[in-house]
Every structure is written in C-alpha cells, then in structure tokens.
Amino acid sequence: MGLYFLKRLGLSVVIVVVAVTMLYGMIHLVPGDPASIMLGPRATPEMKETLRVRMGLDRPFVIQVVSFLGNVAMGDLGTDVFSNRPVARIVLEQVPHTLVLVLISMGWAAMMGIPLGAFSAIFRNTILDKITGVFSIAVIAVPSFVVALYSLLFFAVYLQWFPAIGAGEPGDLVSRLTHLVLPSLAVGLSWVGYIARLVRASMLEVMGENHIRTARAFGLPESVIIYRYALKLAILPTITLIGVSIGRMLSTAVFAEIVFARPGIGKLIYDSVITRNYNVVMGSVLVSTALFVFSTMISDWITALLDPRIRENL
Amino acid sequence: MATEPVLRVHNLSVNFRTPRGPLQALRDVDLTIPDRRVSGVVGESGCGKSTLISAIIRLMSDNADIVGGSVHFQGRDLLKLTRKQMRAILGDRISMVFQDPMTSLSPVLTIGRHMTDIQYRDRIGVGEKRKRAVDMLASVGIPDPESRLGQYPHHFSGGMRQRITIAMALLASPNLLIADEPTTALDATLEVQIIHLLKELQERIGCAILFVSHHLNVIAELCDDVTVMYAGVVVEKGTVRDIFHRPAHPYTRALLKCDPAVIQEKTELLPTIPGEIPDLVDLPQGCIFASRCPEAGDICLEGPPPLVEIAPGHVAACVRLTEGGTA
C-alpha cells in the first residue's frame with residue numbers, strides 16, 4: 001500500500017522536472033530579446049550585454065536548464081531583475097491567495113455538485129432530475145468571466161453585499177472571507193455543473209451493477225446501498241476530475257484575480273509576462289505546474305485509498 | 001401435502017414495456033416449492049427463468065410490470081407487501097445466490113465488510129458478527145477464513161467467490177434459497193463441487209432451494225422437482241425421475257436430446273432445437289412451442305394447451321397428451 005504512494009510521488013517529481021525543462025525551452029523560443037525589452041529603446045549594447053550576463057542568457061541552453069533545475073532543487077528560483085528580490089519569495093507571497101481561492105472554489109463546487117448529482121441519479125427521469133440537469137448544463141455553458149462581471153455588478157455594486165476588489169485586510173479573517181465570496185463563485189460555478197453531471201452518470205452506472213443488486217437482494221437499507229455501496233465507487237471518477245480541475249482552476253484564477261484585482265499567482269504571471277520578467281514568469285509557472293501535478297497526485301492517492309484494485313495494480 | 005409449501009407462485013404474469021408494445025415475458029406461471037425441497041427451473045436462454053426470480057424477490061427492472069398472479073411465501077403474498085416489508089424478508093427468510101460471482105460483490109469492500117453488513121438486523125457486536133462470518137466461510141470450504149475477511153473480492157478465484165456468496169446467502173439460515181445459475185460462470189469441476197456444497201448445506205440448514213439453470217446435469221444432480229419453462233410458460237413439471245425418465249412434453253424431450261452428456265451416436269454436429277423462441281410481443285395463436293415442435297400438427301395451432309396431469313405430480317402442456325395416451 002505504501003509502495004503505491006511512494007511510486008506515485010516519484011512519478012510526480014519526474015513530471016515536474018520534465019515540465020519545467022519544456023517550459024524553460026518554450027519561454028526562450030518566444031521572439032524578442034528580453035534584455036532589450038526590459039531596458040527600453042535607449043539602452044546601449046553594453047548595458048544589454050551586462051543584463052544578459054546577469055540573467056545567464058549568454059550560456060548554452062543545456063547549461064542554463066541544468067543550472068536552473070539545480071537552483072530550483074535548492075529552493076532558489078532566481079532573482080527578479082526589476083526589484084532585486086528573490087523570485088521564490090515573490091511567488092510564495094502570492095501562492096496562498098490563489099491556493100485559498102482555488103480550494104474554496106473547488107470545495108463549494110464539490111459540496112454542491114456531489115449531492116446534486118447523487119440526487120439526480122436517485123430520482124432519475126423525474127422533474128427534479130430534469131431541473132438539476134438544465135441547471136448543470138446552464139452553469140457549464142456560462143463563461144466564468146461573465147459570472148465574474150455580473151456577480152460584481154449585482155452583489156458588489158447594486159446590492160453592495162460583498163466587496164468588489166482586493167483580498168481583504170491581512171489578519172482580518174472576516175474581511176478575507178467576504179473578499180473570497182464573489183471570486184470563488186465565479187471560479188467554482190461551472191464546476192458545480194461538471195461534477196453534478198459526472199456524479200449522476202457514474203452513480204447511474206454503478207447502481208446498475210450486479211453487486212448493487214446483491215446488496216438489494218440481502219435487504220440492505222437503501223441509504224447503506226447508496227452511501228456505502230454505490231457512492232464509494234461512483235465518487236472515484238469525480239475525485240480524479242477534481243484533481244485535474246484544480247490545475248484548470250489555476251488558469252481560471254488568472255482572470256478572476258484580474259477582474260477582482262486580487263493578488264495571486266495568476267495576476268503575477270500576467271503582470272510578469274507583460275513586462276517580460278523572465279525569472280518571475282518561470283518561477284510562478286513552475287510553482288503552478290507543481291501545484292497542478294501534486295493536486296492530481298493527491299487525487300490519485302485518495303482514489304487508491306478508496307479502491308484496493310488501484311493501489312495493488314502497479 | 002400436509003405442510004404449507006414455502007413458496008407458491010400462482011398464475012404469475014409479467015410484461016415488459018417495449019416500444020413495440022408489451023412483451024409478455026411470463027404468462028400464468030405456477031410453481032410450488034414444498035418445505036425443504038430442492039426445486040429446479042430449467043429452460044434455454046430467454047425462457048423467463050430470470051424474470052421469474054426477479055418477480056419473486058421483486059427486484060425487477062423499471063420497465064417490467066407484474067400484470068397478474070400471486071407469490072405466496074410462508075402464506076404471505078409477496079406481491080402485496082410494501083417495499084419495507086419485502087426488505088425485511090430479503091436476506092433473512094429468502095436469500096439469493098447470483099450467476100456471476102465476479103461481479104456480484106462490491107470491488108471496494110472487503111469480504112468481512114460484506115458479511116457483517118448483511119447482519120445489520122442482528123443487535124450483536126461487530127466481533128460476534130465477524131465470528132459468525134468466519135464460521136460460515138469455514139463451512140463453505142474457504143481455508144483460513146479469519147485472515148481472508150480483510151481481503152477484497154478480486155483476491156479470490158471465481159469458485160471461491162461463489163463459495164463466499166453462498167456463505168453470505170446462508171448466514172441468516174433462510175427458509176428459501178434462490179440460486180440463479182450459480183454454476184454457469186464456473187468450470188465443470190468447480191460446478192460439481194459447488195453443487196455438492198449446496199446440497200450438503202441445504203440438508204444441514206433445512207431450507208428449500210429454488211435452483212435455476214439451463215444445465216440439465218446440474219438439475220438432475222441437485223433437484224427433487226423440476227419445472228421446464230419455454231418462452232414464458234411452464235410446459236412440464238414433475239419430479240426429477242419424471243422429467244428425465246418419462247419426459248412428456250416434446251420440448252423437454254428435445255432439451256434432453258441436446259445435452260452433450262446423453263449423446264450416444266457419433267455425430268458431426270451437436271444436436272440443437274431448430275428455430276428460435278417466438279416473438280413474445282406478438283404471441284402465436286396456438287401452442288407456444290408449435291413452430292419448433294417436430295410433432296406439431298394442425299391441432300396445435302388452435303389454442304394454447306392446458307397443463308394436463310399425466311401421473312400424480314407430473315404435468316405437461318401438450319394437446320397430444322389428451323388426444324390419446326402418450327404422444
């Protein structure tokens with residue numbers, strides 16, 4: 001059992017290393033010399049050359065990648081050439097904001113979507129099932145930025161229930177939470193629909209399986225059949241979906257952070273791409289990649305905990 | 001018979017709703033199982049064996065309707081019970097063993113979990129429930145049952161799993177065990193073992209068994225009485241001796257001829273019954289077997305033949321039997 005978890009962890013580390021190498025290569029294929037963009041049109045060739053050396057861009061590509069990976073392994077993501085601060089610190093300042101947003105969005109989406117889907121499956125083909133079906137498709141179809149803008153207009157400007165922008169006062173939990181309501185609504189809403197549809201489909205599939213009929217033939221109470229026998233199996237694809245979608249959410253968070261003017265890793269990537277701030281782009285993309293890889297790893301771990309066939313099949 | 005039979009199915013009819021109209025899967029099926037007897041139901045695929053079982057335990061698919069008849073179990077009509085009353089009987093007085101042991105247990109729950117869950121009615125501690133489970137597993141021949149409680153279904157072979165489902169079914173000492181082709185998914189040597197196990201446990205527990213199979217040898221080995229079904233109706237009923245030694249209905253005779261074990265002449269092709277089961281949405285006028293019957297005549301197309309008593313306890317539905325002596 002422990003072996004599966006270790007192997008999965010090792011695999012995650014390998015994926016991160018490969019992904020980072022590819023990212024490093026891709027970002028250097030973007031046209032334009034970073035040094036001349038950063039220094040502006042009036043920079044002298046000597047100034048450009050100095051900056052290039054400082055950023056390590058004069059060395060061969062392979063050396064750059066290897067030394068970058070080596071530094072990353074020691075927790076050094078380089079230095080922001082603008083502010084002269086360590087990139088690792090800049091990124092780590094922003095990560096918690098994004099992480100809280102993503103986890104709260106996914107949390108409420110799962111807490112709504114799973115019961116909604118199970119409920120749809122149990123009352124399948126009734127009017128209630130059809131209503132949840134229409135609701136799910138509707139929220140999947142509405143783009144998140146539309147939800148963001150309209151919820152801003154309605155709840156923040158018109159009703160003035162929730163603050164419109166920022167992440168709240170540091171140290172003030174209530175302020176932090178009220179600032180999270182609208183962004184997490186925008187980021188999470190469509191996932192309620194996805195999760196509800198998936199749970200409904202897998203629930204219906206599982207409820208038709210033979211072992212459910214066996215459980216019924218033994219007269220087990222319907223609640224035990226649904227929660228212990230059916231949901232434990234039906235939830236597995238959903239856990240995988242949630243793990244993968246944490247990564248998707250990291251990219252959705254980019255616009256949510258821009259619309260709601262929240263600090264966060266999405267806004268950091270956006271700002272640093274605009275200014276061609278290579279080191280910060282690399283650092284923050286690397287951290288989001290790692291977040292994505294490790295969230296899928298955690299969902300695999302949970303799946304393995306629930307399903308003995310997965311943890312034994314390696 | 002002096003004592004009340006355990007199960008008495010009377011005139012049971014089941015329709016499936018289909019886009020083409022009602023499919024009459026069971027028509028006026030009668031079946032009586034006396035206490036402590038093993039009763040077999042035999043017939044080819046699609047004859048309504050499984051529909052009969054799901055109607056008895058009331059676990060039918062959504063598009064099936066019971067359109068008539070009654071199912072009396074220990075004097076109560078199961079078809080009139082509420083879901084809750086039915087649930088109280090299932091797994092306690094009536095137990096099931098299903099066909100495919102590979103899928104009839106939950107893949108994510110341990111054997112111990114399955115076996116303690118089904119004892120939810122008993123107000124005893126988990127330790128006691130596990131002990132009972134261990135004893136039952138030992139009596140169906142699972143070696144080292146104590147340590148195997150923590151294992152999952154996929155750790156067991158098909159034969160072992162079927163032993164486990166039998167152990168589960170007999171844990172509550174039911175009055176009636178319904179076995180739906182429990183050996184069909186197993187190979188021949190295991191089949192014999194499972195049959196002997198069922199026979200032994202049936203004698204020990206003293207329950208009646210409703211055993212459904214398309215395999216004649218198994219029926220002959222295990223059962224006291226046999227009901228032969230064809231296309232949703234009972235065509236012949238009798239003791240094992242009656243059915244195997246004095247088959248009265250042409251379908252029963254055809255079925256017996258198709259059994260590879262009784263073939264004596266050397267042939268290129270295994271014998272089959274030519275033709276197919278008739279369309280149950282649009283039923284033929286006369287005898288349901290007429291279209292495939294080697295002995296069919298004009299008289300067979302006139303109307304469905306009633307069940308005629310040939311000897312005490314031996315009935316068959318064929319007009320030839322009333323025409324003049326044996327057909």
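In chain A, Ser144(A), Phe145(A), Ala148(A) and Leu149(A) of helix α7(A) meet Thr252(A), Phe255(A), Ala256(A) and Val259(A) of α10(A). Contact requires C-beta atoms, placed from the backbone, within 7 Å. By class, this contact comprises six nonpolar, two polar and no charged residues. Ala, Val, Leu, Ile, Met, Phe, Trp, Tyr, Cys and Pro count as nonpolar, Asp, Glu, Lys and Arg as charged, and the others, Gly among them, as polar. The model is predicted: local features need pLDDT of at least 70, side-chain atom pairs count only at pLDDT 80 or more, and totals for chains, interfaces and linings use all residues. Residues are numbered from 1 along each chain as its sequence is written, with chains lettered from A and ligands numbered from 1 in the order in which they are written.

Helix α7 (residues 144-158) of chain A packs against helix α10 (residues 222-259) of chain A at about 20°, with the axes 10 Å apart. α7(A) is therefore roughly parallel to α10(A). Angles under 35 degrees count as roughly parallel, over 145 as roughly antiparallel, 65 to 115 as roughly perpendicular and the rest as oblique. Axes are lines fitted to C-alpha atoms, for helices over the stretch in contact, and angles run from 0 to 180 degrees between N-to-C directions. Helices (H or I, at least four residues) and strands (E, at least two) are DSSP runs, numbered from the N terminus. The α7(A)-α10(A) crossing is right-handed. A crossing is right-handed if the near helix is turned clockwise from the far one by less than a right angle, and left-handed if anticlockwise.

α10(A) also packs against α9(A), at an angle of about 150° and with axes 11 Å apart. These two helices, α9(A) and α10(A), are therefore roughly antiparallel. Their crossing is right-handed. His211(A), Ile212(A), Ala215(A) and Arg216(A) of α9(A) make the contact with Ile225(A), Tyr229(A) and Ala230(A) of α10(A). Five of the contact residues are nonpolar, one is polar and one is charged.

The contact between the chains takes 18 residues from chain A and 21 residues from chain B. On the side of chain A, α9 (210-217), α10 and α13 (308-312) each give two or more residues. α9(A) provides the largest share, six residues. This side of chain A has eight nonpolar, four polar and six charged residues.

Chain A is divided into domain 1 (2-73) and domain 2 (95-312). The bounds come from an automatic or database domain assignment. The C-alpha centres of the two domains lie 32 Å apart. Domain 1 of chain A gives 17 residues to their contact, and domain 2 of chain A gives 15 residues. On the domain 1 side, α1 (2-29) and α2 (34-39) of chain A give two or more residues. The largest share, twelve residues, comes from α1(A). The domain 1 side has 15 nonpolar residues, one polar and one charged.

In chain B, eight strands form an open sheet of mixed pairing, in the order β6-β7-β8-β3-β9-β10-β12-β11. Strands pair if DSSP finds at least two bridges between them. β6 (94-97) and β11 (308-311) of chain B are the edge strands, each pairing on one side only. Neighbouring strands of the sheet are turned by 20° against each other on average, direction ignored. β6(B) pairs with β7 (residues 176-180) of chain B in the parallel sense over four bridges. Met96(B) has Ile178(B) as its bridge partner in β7(B). Helix α6 (residues 158-170) of chain B lies across β6 and β7 of chain B and runs at about 175° to β6(B).

Definitions and conventions. Two residues are in contact if their C-beta atoms, placed from the backbone, lie within 7 Å.
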